[in-house]
Amino acid sequence: YAPTEKQLKSSLDFFQKRMENPDYQLDYPKYDVSEQDIDRVQEVMINEMGKKEYSRVMGLIQKAGGVDPKLTTGEAGKQRARDIIRLYLSHGGRSAVTGEVVPFNQMQLDHRIAYSNAIKNVAEKKKKGIKTTLLEEQDRLDSPENWDLMETPLNQIPLIINSCSTTLLVLPIFSHLMPIP
């Protein structure tokens, strides 16, 4: 579904700041989330959805972000789903891009440093004599410290920015959002 004009403006500002400073984050409240908090969320999900639908949804949460199945199945997958729920709760349900509260089912997980960089990272580290494996690099890139949750329609904007000339993307957006009188 298409982003709103407000979402486009917010995302343009956010991603420009992120390109200037890869550690840039919006300033919004952060909350401590306990294991009991996550257990309670999962209990509510089971009660509201039923066990079958809950299992289906948890499977989708585990696979969020399109990562290696080794990280999304079994105990690793269950922990990954809990970490995603923890991230959502710790930000008060706010989008990392717009700062707006967004329902969980309208959020997508995005990796700040692309998960696909794992292969390149292994090669670079080996050149420097640093021992690592592909799975170690994938695990490092697929961690809550490298995740953002954002509105579904905004998740592809970084991909577009990274794969196209920024000018080709940004100028039409600017001209649409801020027409010259």
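**Salt bridges, strands and a pocket in a predicted model**

Good morning. A search of the whole structure finds 14 salt bridges, a salt bridge being a side-chain nitrogen of Lys or Arg within 4 Å of a carboxyl oxygen of Asp or Glu. What I show is a predicted model, in which local features need pLDDT of at least 70 and side-chain atom pairs count only at pLDDT 80 or more, while totals for chains, interfaces and linings use all residues. Residues are numbered from 1 along each chain as its sequence is written, and side-chain values use heavy atoms, with hydrogens and water left out.

Let me begin with the overall layout. The protein chain holds eight helices and two strands, taken as DSSP runs numbered from the N terminus (helices H or I, at least four residues; strands E, at least two). Their order along the sequence is α-α-α-α-β-α-α-β-α-α. Of the 181 residues in the protein chain, 39% are buried; buried means under 20% relative accessible area, exposed over 50%, and partly exposed in between, with a 1.4 Å probe and protein chains only.

I turn to helix α1. Its 16 residues, 5–20, should span 22 Å at 1.5 Å a residue, and the end C-alpha atoms are 23 Å apart, which agrees; the expected span is 1.5 Å times one less than the number of residues. Buried positions in α1 are Gln7, Ser11, Leu12, Phe14, Phe15 and Arg18.

Where does arginine 18 find its salt bridge partner? The partner is aspartate 148, with the closest N and O atoms 2.9 Å apart. Because aspartate 148 lies in strand β2 and arginine 18 in helix α1, the pair ties together parts that are 130 residues apart in sequence. Aspartate 148 and arginine 18 are both buried.

Strand β2, residues 147–151, pairs with β1 in the antiparallel sense over five bridges; two strands pair if DSSP finds at least two bridges between them. Glutamine 108 has methionine 150 in β2 as its bridge partner. Four of the five residues of β1 are buried, so β1 is largely enclosed by the rest of the structure.

Next, two further salt bridges. Arginine 82 and glutamate 35 meet through their side chains at 2.7 Å, N to O. This pair links distant parts of the chain, with arginine 82 in helix α4 and glutamate 35 in helix α2, 47 residues apart. Arginine 82 is buried at a relative accessible area of 13%, whereas glutamate 35 is partly exposed at 36%.

Finally, the second largest pocket. It is lined by 21 residues, with Met45, Val57, Ile61, Phe104 and Asn105 nearest its centre. On a 1 Å grid over the protein atoms alone, a pocket is an open set of points where a 1.4 Å probe fits, with protein on both sides within 12 Å along at least five of seven lines, and lining residues have an atom within 4 Å of a point. Helix α2 gives the most to this lining, with five residues. Thank you.
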